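Colleague: I am new to this structure and would be grateful for a guided discussion of it. May I put some questions to you in turn?

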Amino acid sequence: MPNSPSVPPFQPAPQPVDELALAEIKSAILAKLTLAIGKDAAVATRHDWYRAAALALRDRIVHRWLATEKDNYDAARKRVYYLSLEFLIGRLFTDALNNMGLLPTFAAALGDLGVDLDELRTCEPDAALGNGGLGRLAACFMESMATLGIPAIGYGIRYHFGLFRQIIADGRQQEYPDDWLAFGNPWEFPRREIVHDVHFGGHVAIVHGDDGRERPLWHPAETVRAVAYDTPIVGWRGTHVNALRLWSARAPDPLRMDLFNTGDHLGAMSAQARAEAICKFLYPNDETEAGRELRLLQEYFFVSASLQDLIGRHCETNGALTELPSLAAVQLNDTHPSLAVAELMRLLVDIHGMEWAPAWDITTRTLSYTNHTLLPEALEAWPVELFARMLPRHLQIIYRINVTHLECAETLRPGDGAFRAAVSIIDETNGRSVRMGYLAFVGAHKINGVSAMHSELMKETVFRDLNAVYPDRITNETNGITFRRWLMLANPRLTALACSVCGNEMLDDPARLARLEHYAGDAAFQRQFRGIKLHNKIALAKLIQERLGIAANPDALFDVQIKRIHEYKRQLLNILGVIARYLEIRDDPRRDWVPRVVIFAGKAAASYTFAKLVIKLINDVARIVNNDCSIAGRLKVAFLPDYNVSLAEVIIPAADLSEQISTAGMEASGTGNMKLALNGALTIGTLDGANIEIRDHVGAENIAIFGMTADEVAARRARGLDAGDVIAASPRLDRVIAAIASGLFSPGEPERFAAIADALRHRDTYMVSADFDAYYEAQQGIDARWRAGTAWTRASILNVARMAWFSSDRTIRDYAEDIWNVPVAEPAHPPTRLQRHQS
């Protein structure tokens, strides 16, 4: 490239270690090993060393944490309360070390003690507190809020077993408990003195108060106690530490001695077992009545405990509840915490004696709601009968909210009964139910989407009518990711290379990554960049070999799709493309094929039969393809089981191609697309979610966009779901479907994938068949780019250079300004708001 700056030889960033600090850390680790673990160094296991090192680090975090809390209280700062059913925080050890600036010191200290830090970090299990993008986003946001000095508390549930541990047996997903707490959790602080009673069931009576006025009084049938467990979340440079407060459930009387003494030993513990069920698993199967009841109990349990907690904190430190909106911003992360609207009203009116109108004003000014999906089923609707049985007082409150809400709708469109029915919180069709997404919308002062396209589609689809009633509420806050986790920790070599040309200021200000553009065409820099990518691919190939016994060639194109298995995310489209490629390689093995390793990872919901069948198809295709000698290893397929944050940290830096191929109009944003692009993977994707904004930032020439637009998808759906026309026009697709239906990949059971073949032919809901030819053509374009070599590397570097806007620090600044009204701490060279928002 002309006038390219000279490139210094790549060297990893220096890791200076202060000898005094080194000695102090070694002493602290040994003290913890002896006094907290009760082990001598000579007999300590790796897990013992991990816990000792984690506790030594935790001591240093606590001092910053307490100082942060005191400063926040003394200054009476407004707090953000982030309510989320998921927090996918991953491993905290190296994350906290990095943010505290202690990574080189602890590595050296442990090395002097004969312990390898890289081996030690694998002793820490991933915290099983989430499922996918929703939970990982919450984790990134918590870290960014701490980095930006925003006083915040994350509220969630302390799940015993998380979602599930995924095992692939004979190609099929099997679910087992993820016992991540088996060896304890060194990061959490049990706050057994912080307990809130959460009530369920019973009935509501009308009583007369001291003033003679009637008021409702809830007589619950059951009480569960929420016990707090706090985990410190460290911001960058360790200057600010926030808390993640998770609730665990227990019965008020964990053992009924009267029953135990009569010999009913199991019955004596039944209340405790019922309470603990609330926290056993994330997203219990809601196909049964008991499952639906447990889901509702979970959601109310953590909402009630969290709101009681924050109101108690406010009253202790600030006094008047009329000031709550000025000192507390409550963000509902998706629809799961929607009960916060009714519960906050109950606490203000029933417990604190406020009149309805001021209580409603406080509620709406305090709450805001993030919507993460356009899928109607994800907006949640609970049967009225279930509400009446489990939360009778809340149903009354929701009815009253709905009356006032419908009066607003009537004012807007007088006499329009259909419009009132469309916007009502109570759905009267197919049995009466409470629309939880609508409740959140009506009870919040701001509702945000998570990408520009998603926010506009909310106005046009799921919230079209509500937007007409409250036209100023919907706003957009495009998602982001923390670069500390997804670049610095996941890809330290690329970070060091970037710092060598962008300066270490890049660690504080991601906008400095833009300087990489000057080196994108430089041959020497490209060699260094490719060398780092190859190093990461070798590491991933080793992991694939160890876990699956599949030999992956690091020189091949690593084609990655890692996300929750769902029909709209279209892993099926990906594997159809793999099948087409495999059949054509078999037809013409002498052709100059670009070698590929296609890598899948992700979990399907335990009750999602079709998604689990897609996993089976992927693994059956992998078995046939990987063992076919005639294709000479030009194509490999790998499904890595039990996808989590730690696995993502290995896959993402090694990826060459990022599959972001959801049905247009169905992916709210995505954050995997951002992580992969930040690490130099080129995106193949639809015009969906944040893909559009990624295209706008990295340049249309550095991303491969294909397929129908959201409008075209809607138009085709309106014409019907039969795909006979597109299959007739595509011999390649017809051949692929025939191969699946004939049993080519299931020779012992030809009908195994009949449901998939039938869906592709006659129920193409997610436009897999309709988009197939465009997808395959785009993949051929990817092959051509890969062959070009230096052009691919240039595009890869430009993806890294132009991703700064997708930092979660930018996202949190925008939430703080647009929704929460809280100040933030700025880096030395913060991007302006114009720079943050320009495309």
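Modeller: Helices here are DSSP runs of H or I with at least four residues, numbered from the N terminus. In that numbering Thr68 lies in helix H2. Please bear in mind that this is a predicted model.

Colleague: Is Thr68 buried or exposed?

Modeller: A residue counts as buried under 20% relative accessible area. Thr68 has a relative accessible area of 5%, so Thr68 is buried.

Colleague: Which residues does Thr68 touch, leaving aside those up to four places away in sequence?

Modeller: Contact means heavy atoms within 4.5 Å. With residues up to four places away in sequence not counted, Thr68 touches Thr239, His240 and Val241.

Colleague: What covers the buried residues of helix H4?

Modeller: Helix H4 spans residues 103-112, and its buried residues are Pro104, Thr105, Phe106, Ala109 and Leu110. Just after H4, Gly114 takes a positive phi of about 80°. The cover over the buried residues of H4 includes H1 (19-35), H2, H3 (93-100) and H5 (117-121).

Colleague: Is Ala76 buried, partly exposed or exposed?

Modeller: Ala76 is found in the loop between helix H2 (46-74) and strand S1 (79-83). Although Ala76 is not a glycine, it has a positive phi of about 50°. Its relative accessible area is 41%, and therefore Ala76 is partly exposed.

Colleague: Where does Ala632 lie, and is Ala632 buried or exposed?

Modeller: Ala632 is not a glycine, yet it has a positive phi of about 55°. Its place is the loop between helix H24 (609-626) and strand S19 (635-640). Over 50% relative accessible area a residue counts as exposed. Ala632 has 57% relative accessibility, so Ala632 counts as exposed.

Colleague: Which residues does Ser455 touch, not counting those up to four places away in sequence?

Modeller: Ser455 lies in helix H18, residues 452-460. Because its relative accessibility is 2%, Ser455 counts as buried. Residues up to four places away in sequence aside, Ser455 touches Gly449, Val450, Ile474, Thr475 and Asn476.

Colleague: How far apart are the end C-alpha atoms of helix H22?

Modeller: Helix H22 covers residues 523-548, which is 26 residues. At 1.5 Å a residue H22 should therefore span 38 Å. The separation of its end C-alpha atoms agrees with this, at 36 Å.

Colleague: Which residue takes a positive phi just after H22?

Modeller: At the start of H22, a side-chain oxygen of Asp522 reaches to within 3.1 Å of the backbone nitrogen of Ala524. Along H22 the buried residues include Phe525, Phe529, Ile532, Leu540 and Ile544, and among them are also Lys533 and Lys537. Just after H22, a positive phi of about 70° is taken by Gly549.

Colleague: Which backbone oxygen does the side chain of Lys603 reach?

Modeller: Lys603 lies in the loop between strand S18 (596-601) and H24. Its relative accessible area is 12%, so Lys603 is buried. Not counting residues up to four places away in sequence, Lys603 touches several residues, including Leu163, Phe164, Arg165, Lys563 and Asp642. At 2.5 Å, its side chain reaches the backbone oxygen of Phe164.

Colleague: How far apart in space are Lys603 and Glu380, C-alpha to C-alpha?

Modeller: Along the sequence, Lys603 and Glu380 are 223 residues apart. In space, C-alpha to C-alpha, their separation is 21 Å.

Colleague: What separates the C-alpha atoms of Thr765 and Ala723?

Modeller: Thr765 lies in the loop between helix H31 (754-762) and H32. With a relative accessible area of 27%, Thr765 is partly exposed, and Thr765 touches Arg717 and Leu721, not counting residues up to four places away in sequence. Thr765 and Ala723 are 42 residues apart along the chain, and their C-alpha atoms are separated by 9.6 Å.

Colleague: How many nonpolar residues does the contact of H30 with H32 have?

Modeller: From H30, Arg732, Leu733, Val736 and Ile737 meet Ser769, Phe772, Tyr776 and Gln780 in H32. By class, this contact has one charged residue and two polar residues, and the number of nonpolar residues is five.

Key: Residues numbered from 1 in each chain as written. Heavy atoms only, no water. Helix = DSSP H or I, 4+ residues; strand = E, 2+ residues; numbered from the N terminus. Nonpolar A, V, L, I, M, F, W, Y, C, P; charged D, E, K, R; others polar. Expected span 1.5 Å × (residues − 1). Buried < 20%, exposed > 50% of the residue type's maximum accessible area, 1.4 Å probe, protein only. Polar contact = N/O pair within 3.5 Å; in protein donor to acceptor, adjacent residues only side chain to side chain.
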